[in-house]
Amino acid sequence: MHKQLAYVSDQADGIFLNLTSGTPAMTVVSVLLGKSIAKCQLVQTTPQGQLIEVDVPVDFSAEYQKSSSTAIAQLASKTPSLNSAFDSITAKSTVMQNVIKKAQRLAYADLPALLLGESGTGKEVMAKGIHKASLRADKPFKAVNCGALPENLVDSILFGHVKGAFTGAHQDHAGLFEQANGGTLFLDEVGELSLTVQVKLLRALQQQEITKVGDVATKSVDVRIIAATHRDLFKMVSDESFREDLFYRLAVGVIELPSLRARSEEIPFLIEELMIEINQQMKTHPLFESKNISKSAIEFAEAYSWPGNIRELWNTLNRAVLWSEGKEVTKQDLEVAIISRDLTSVNNGEFRVPGDLQQHIDNIKKSAIESAMDYAAGNKSKAAKSLGLNNHQTLNNWLKTLSLE
Ligand SMILES: Nc1ncnc2c1ncn2[C@@H]1O[C@H](COP(=O)(O)OP(=O)(O)OP(=O)(O)O)[C@@H](O)[C@H]1O
């Protein structure tokens, strides 16, 4: 439309723009263009089919024209640029880019969101992104792990309490709903909530008000809920361990975070970013030297299944950087650094231990001993103590068996 108008305005003596046709967003674009670039006469159609002139008493300066045309170009483009709120989320694969586009749309809509996905797939970072991209960005973001809420304190943690409500309640306490008022409350692992708490949560969401423990008055709260779970909530609803009414209240905008294996093309980019972060973090350590990672290690990482997803990748890289001997993290360093449940996992029906388990244990021991000896400036008793060993004799045995002497 921008191009068309610019072309027509060169040719014609006068241009009329009818604001009635199209969506409200198109009307806004027409007014902006008509009052700035092409200086059109704005008209609209009456219900009787007549054309009447519209008076829009604004004029845009040349300065504004420049910025408005960028904004118009963005408005008109099919794929709006991604909000910087999601910058910390690596999304190189098509599947992740689509997830972020959905999340961005959801952020603007201010609806409850439900994030599904295996552990470590980035549900919490996504919740933060949605909050930052929303109109609530300058209001609080509070997060709670529902799986870690003690049953006897859950009311107080979520809804708060007044002084004297129970033994130990020495002063009034604002619960998470009140602390997040105006902003977002992230309910992580929502599938872990007991049925009793689910009822209380549902009530707070339905009525948009809370009652503190020990209080009679209610308080209105305006909180956007983003819930997350690695559980199959649909199944939980069908076997009645999760309330259906609460499910439908939370599952308005559902976003599924894909596992890392489902977006393995992203692994090299993630590794690159995580290595920069790890090197940066370790910089303060006096014995640390910056490390890079070999091509074969990256290829190994791309082929590995990462059951713990990005969290596991991050932890494994940290361990590999810490224990690797050279300046480059090798495939073997990475294999050795993979611990976690994969050690006991069954692959293709066969028990599989990635890498050499004894080698892995020896490497950990060697590095720990070397660091302890550095720290103790060669004093074996001090080094043994710092390693948690009972006496330096045990350290001597270790030094011998690991050929460090
Ligand atoms: N796309 C991504 N880009 C970069 N880092 C990411 C990405 N997704 C997740 N991470 C990082 O991976 C780690 C795990 O992410 P997060 O805690 O958000 O996962 P989660 O799905 O909420 O896990 P859980 O279900 O166990 O709570 C964090 O350190 C996070 O910063």
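Predicted model: local features only at pLDDT ≥ 70, side-chain atom pairs only at ≥ 80, totals over all residues.

Biologist: How many residues surround the ligand, and which are the closest?

Modeller: The ligand has 15 residues around it, and the closest are Thr-90, Ser-119, Gly-122, Lys-123 and Glu-124.

Biologist: Next, strands. Is E8 enclosed or open, and why?

Modeller: Count the buried residues. In strand E8 (residues 184-188), 5 of the 5 residues are buried, so the strand is largely enclosed by the rest of the structure.

Biologist: And how do I think about its two faces?

Modeller: The general idea is that side chains in a regular strand alternate between the two faces of the sheet. In E8, Thr-184, Phe-186 and Asp-188 lie on one side, with Leu-185 and Leu-187 on the other, and both faces are covered.

Biologist: Which strands pair with E8, and in what sense?

Modeller: Strand E5 (residues 141-145) pairs with E8 in the parallel sense over 5 bridges. To find your place in that pairing, note that Phe-141 stands opposite Thr-184. E8 also runs parallel to strand E11 (residues 224-229), joined by 4 bridges.

Biologist: What about the open sheet of 3 strands: what is its order?

Modeller: The order is E1-E2-E3, and the pairing is mixed. Its edge strands are E1 (16-18) and E3 (51-53), each of which pairs on one side only. Ignoring direction, neighbouring strands in this sheet are turned by 40° against each other on average. For one of the pairings, take strand E2 (residues 41-45) and E3, which are antiparallel over 3 bridges. Thr-45 stands opposite Leu-51 of E3.

Biologist: Now the packing. How many residues are in the largest nonpolar core, and which have the most contacts inside it?

Modeller: That core has 40 residues, and Leu-115, Ile-130 and Phe-177 have the most contacts inside it. Leaving aside residues up to four places away in sequence, Ile-130 touches Ala-103, Leu-106, Ala-107, Ala-113 and Ile-226. Another core, of 19 residues, lies apart from the largest one and includes Ile-267, Tyr-304, Ala-320 and Val-321.

Key. Residues numbered from 1 in each chain as written. Pairing = 2+ DSSP bridges. Helix = DSSP H or I, 4+ residues; strand = E, 2+ residues; numbered from the N terminus. Axes fitted to C-alpha atoms, helices over the stretch in contact; angles between N-to-C directions. Core = buried A, V, L, I, M, F, W, Y, C linked by C-beta atoms within 7 Å. Buried ≥ 20, exposed ≤ 12 C-beta atoms within 10 Å, placed from the backbone. Contact = placed C-beta atoms within 7 Å. Near = placed C-beta within 6 Å.
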